[in-house]
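Trainee: Could we go through this structure together, one question at a time, with the cut-offs stated as we meet them?

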Amino acid sequence: MATQTLISVEEFLDLAEQEGVRLELVEGQVIEMPGPSLLHGALQVRLSQWLGGWSDGAGADYYVLGNAGFAVETATVRIPDVSVIRKSSLASMERVRGALRGAPELAIEIISPQENASDLDLKIRQYLHAGAAVVWAVYPKTRHVL
């Protein structure tokens, strides 16, 4: 049985970007994420616009971010599809080579057909443990949000 080399957040963030490939670090293992579908991308934009419009219109203390990296654990970097973070929190969050240490106030994951329940459960627990107040799981096929 082959053993897999685990890497740190810093080593992960030093990896060269590859066009069309989205990576996350999960408990020291580099995981290649499937490319988003057209519907996934459209929902990501729509949610970002809606939340950004709400924040701007209400004069709220929030930024809406897409595909921002969050070092949620010692050896885990997650990239929510959409995240909402207080401007005041962002100013005080430690930056680790382009990612933020901690979690956004709201992390939104758009669920793809190939995502399994145990992976989603782990992701949600990691966001909440790192300080997220809320995590939305958006199911495009059934058109509901948990």
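Trainee: Where is N67 found?

Mentor: This is a predicted model, in which local features need pLDDT of at least 70, side-chain atom pairs count only at pLDDT 80 or more, and totals for chains, interfaces and linings use all residues. Residues are numbered from 1 along each chain as its sequence is written, and side-chain values use heavy atoms, with hydrogens and water left out. Helices (H or I, at least four residues) and strands (E, at least two) are DSSP runs numbered from the N terminus, and by that assignment N67 is found in the loop between β3 (62-66) and β4 (70-73).

Trainee: What is the phi of N67 near?

Mentor: Most residues other than glycine have a negative phi. N67, a residue other than glycine, has a positive value, with phi near 60°.

Trainee: Is N67 buried, partly exposed or exposed?

Mentor: Buried means under 20% relative accessible area and exposed over 50%, with partly exposed in between (1.4 Å probe, protein chains only). At 42% relative accessibility, N67 counts as partly exposed.

Trainee: Which residue meets R97 in a salt bridge?

Mentor: R97 has its place in the loop between β7 and β8, and, although it is not a glycine, R97 has a positive phi of about 45°. R97 is partly exposed, with a relative accessible area of 46%. A salt bridge is a side-chain nitrogen of Lys or Arg within 4 Å of a carboxyl oxygen of Asp or Glu, and at 3.0 Å, N to O, the side chain of R97 meets that of D14.

Trainee: How many residues apart in sequence are the parts that R97 and D14 tie together?

Mentor: R97 lies in the loop between β7 (95-96) and β8 (99-101), whereas D14 lies in the loop between α1 (9-13) and β1 (22-26). The pair therefore ties together parts whose separation in sequence is 83 residues.

Trainee: Are E109 and K123, which form a salt bridge, buried or exposed?

Mentor: The closest N and O atoms of E109 and K123 are 3.5 Å apart. The pair links distant parts of the chain, with E109 in strand β9 (residues 106-110) and K123 in helix α4 (residues 117-129), 14 residues apart. E109 has a relative accessible area of 3%, and K123 has a relative accessible area of 3%, so E109 is buried and K123 is buried.

Trainee: By about what are D121 and R125 separated in helix α4?

Mentor: D121 and R125 form a salt bridge whose closest N and O atoms are 3.0 Å apart. D121 counts as partly exposed at 40% relative accessibility, while R125 is partly exposed with a relative accessible area of 47%. Because D121 and R125 are four residues apart in helix α4, their separation is about one helical turn.

Trainee: How many residues of strand β6 are buried?

Mentor: Two strands pair if DSSP finds at least two bridges between them; β6 pairs with β3 in the antiparallel sense over five bridges, where V64 stands opposite V84 in β6. Three bridges join β6 to β9, also running antiparallel, and there S83 has A107 in β9 as its bridge partner. Strand β6 (residues 82-86) is largely enclosed by the rest of the structure, because the buried residues number four of the five.

Trainee: Which residues does V134 touch?

Mentor: V134 is found in strand β10 (residues 134-139), and V134 is partly exposed, with a relative accessible area of 37%. Contact means heavy atoms within 4.5 Å; not counting residues up to four places away in sequence, V134 touches E105, L106, A107 and L128.
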